[in-house]
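Student: I'm new to this one, could you walk me through it step by step while I look at it?
Tutor: Gladly, ask whatever comes to mind and we will take it topic by topic.

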Amino acid sequence: MKQTTAPRTYRVKSFGCQMNVYDGERMAEMLGAKGITPAPEGEEADLVVLNTCHIREKAAEKVYSDIGRISKAGAAQGKRPMIAVAGCVAQAEGEEIMARAPAVSMVVGPQAYHRLPEMIDKAVAGERATDTDMPEDAKFAALPPRGSGRRKVGPSAFLTIQEGCDKFCTYCVVPYTRGAEISRPYSDLLREAESLVENGACEITLLGQNVNAWTGEDGKGRSIGMDGLVKALAKLPDLQRIRYTTSHPNDMTDGIIAMHGEVDKLMPYLHLPVQSGSDRVLKAMNRSHTADSYLKLLERFRAVRPDIALSGDFIVGFPGESDAEFEETLQLVDTVRYAQAFSFKYSPRPGTPAATMEDQIAPEVMDERLQRLQAALGRDQLAFNQASVGRTCDILVERKGKLPGQWLGKSPWLQSVFIEGDAQIGDMIRVELAEAGPNSLKGRVLEGVSA
Ligand code: SAH
Ligand code: SF4
Ligand code: F3S
């Protein structure tokens with residue numbers, strides 16, 4: 001494909017997990033540093049980056065239909081947009097995309113996107129390029145600093161501290177698309193956190209596929225785990241809140257549990273996926289924990305932080321899952337009483353061991369199980385919200401609500417809280433939680449404190 005003019009505007013569309021959102025921001029900063037600016041609302045961009053997710057099915061089909069739509073929308077405005085496919089579908093199916101979609105100029109995997117600027121130059125010269133290399137830890141070192149490319153940082157920012165996965169759960173593509181586990185160096189993370197805070201972040205969520213597996217050396221050369229990192233970040237005066245996601249039960253340490261009772265800035269919220277309540281299914285999933293060991297772990301968190309909001313991920317209909325095994329998942333949910341949770345129908349992913357296992361579960365059975373599970377989770381989420389009514393807490397204002405004068409913020413327990421009154425994005429506002437719904441609460445403003 002011949003492309004002659006360099007792109008002046010860009011749009012990055014990120015799908016999937018928070019790490020993709022983070023990557024999308026870093027790509028945007030890189031494009032900004034190259035002098036390319038965000039496309040104005042309503043205008044097609046010269047360069048569109050599709051930052052894709054491969055976790056469940058139809059991901060690739062969605063990419064192709066997005067490519068078609070972007071080309072068409074561009075053509076309607078007399079443009080031929082340059083299209084880059086990034087993210088986990090790019091990593092898994094880069095060659096097929098190049099072969100099937102001539103409108104795509106670049107395919108770049110999650111560990112290679114620091115090379116996007118060079119690839120754009122090539123594309124301008126009419127050369128299509130695929131880069132799905134996984135150079136160890138090279139990406140972060142090559143990215144421009146945070147806040148560059150004239151990008152504004154919101155009040156709640158993401159910071160990838162750990163990436164990749166060595167766990168190989170039998171259903172999951174992530175170890176193949178993100179590569180082996182790496183921990184980013186401590187000093188780089190402190191620097192990045194400082195610059196996020198300088199650029200307006202009041203809350204930082206530490207990200208990793210197994211975030212609690214992070215290890216590093218502190219400024220004095222001592223080995224530390226994620227708890228050491230959190231404690232160091234908590235010393236940044238203008239950083240008010242710290243969160244982390246996603247953890248794996250097997251990487252939990254005494255220090256991480258203990259810090260929930262020690263670090264005020266660490267929010268009382270834990271996302272700890274379990275996937276199933278059946279030990280047989282967990283074994284077949286290669287989860288290497290049992291339902292019981294998981295429950296014991298949660299009890300330890302509750303012992304140090306009794307108000308902690310617990311969250312998890314579930315898969316229903318894993319190959320061979322019997323009715324009785326599914327019931328065990330419901331029992332686990334009844335025991336835990338999650339504040340929030342994410343549940344999915346099992347989706348066979350090409351190349352993963354579970355995809356070729358016998359006894360794949362019929363779609364109707366999965367539908368029915370998912371509905372029952374979600375009813376139970378919804379019940380518990382509402383109960384958690386109702387039990388919060390009367391609590392006083394700070395909310396961090398993240399955006400405007402739909403109604404005039406309405407604002408939406410997050411409670412320490414990651415609940416969405418609507419308030420009315422004078423506020424600004426980034427404000428910490430003291431409220432009393434006044435009314436609870438299944439997905440949000442209403443807060444009564446007690447006092448506004450400008451961040
Ligand atoms: N690293 C994290 C998250 C991985 S992906 C962890 O291990 O917890 C996020 C969630 O997607 C998983 O927790 C799992 O519940 C779900 N998931 C992953 N692969 C899936 C598949 N093949 N089908 C359905 N859900 C899946
Ligand atoms: Fe996937 Fe399991 Fe790794 Fe999570 S721990 S990313 S579910 S393989
Ligand atoms: Fe999706 Fe890749 Fe994240 S598959 S969930 S974007 S790690």
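Student: Is L414 buried or exposed, or something in between?
Tutor: L414 counts as partly exposed because its relative accessibility is 25%, where buried means under 20% relative accessible area, exposed over 50% and partly exposed in between, with a 1.4 Å probe and protein chains only. This is a predicted model, in which local features need pLDDT of at least 70 and side-chain atom pairs count only at pLDDT 80 or more, while totals for chains, interfaces and linings use all residues. Residues are numbered from 1 along each chain as its sequence is written, chains are lettered from A and ligands numbered from 1 in the order in which they are written, and side-chain values use heavy atoms, with hydrogens and water left out.

Student: Where does L414 sit, and what is its phi?
Tutor: L414 is in the loop between β18 (406-410) and β19 (416-420), where helices (H or I, at least four residues) and strands (E, at least two) are DSSP runs numbered from the N terminus. Its phi is near 65°, a positive value in a residue other than glycine.

Student: Which residues come nearest to ligand 1?
Tutor: Of the 15 residues around ligand 1, those that come nearest are Y171, Q209, Q275, D313 and S347, a residue being near a molecule or strand if one of its heavy atoms lies within 4 Å of it. D313 has a polar side-chain atom 2.6 Å from an oxygen atom of ligand 1, and S347 places a backbone N or O atom 2.8 Å from a nitrogen atom of ligand 1.

Student: And what surrounds ligand 3?
Tutor: Around ligand 3 are C17, N20, T52, C53, H54, I55, C88, R178 and Q209. By class, that shell has four nonpolar, four polar and one charged residues, counting Ala, Val, Leu, Ile, Met, Phe, Trp, Tyr, Cys and Pro as nonpolar, Asp, Glu, Lys and Arg as charged, and the others, Gly among them, as polar.

Student: How does the shell of ligand 2 divide?
Tutor: The shell around ligand 2 has seven nonpolar, two polar and two charged residues, and among its members are C165, K167, F168, Y171, H248 and R287.

Student: Changing topic, is R243 buried or exposed?
Tutor: R243 counts as buried because its relative accessibility is 6%, and R243 lies in strand β13 (residues 241-245). The side chain of R243 makes a polar contact of 3.1 Å with the side chain of E203, and the R243 side chain also reaches the backbone oxygen of P412 at 3.1 Å. Leaving out residues up to four places away in sequence, R243 touches residues including Y269, P412 and L414, where contact means heavy atoms within 4.5 Å.

Student: Which two residues does a cis peptide bond join?
Tutor: The cis peptide bond joins T245 and T246, with omega about 0°, and T246 is in the loop between β13 and α9 (254-259).

Student: How is the chain divided into domains?
Tutor: The chain is divided into domain 1 (9-138), domain 2 (152-266), domain 3 (268-388) and domain 4 (392-449), with bounds that come from an automatic or database domain assignment.

Student: What area is buried between domain 3 and domain 4?
Tutor: About 870 Å² is buried between domain 3 and domain 4, and carbon and sulfur atoms give 56% of that; buried area is the accessible area (1.4 Å probe) that two parts lose on being put together, summed over both. In domain 3, Y269, N385 and S388 lose the most area to domain 4, together 47% of what that side buries.

Terms used:
Polar contact = N/O pair within 3.5 Å; in protein donor to acceptor, adjacent residues only side chain to side chain.
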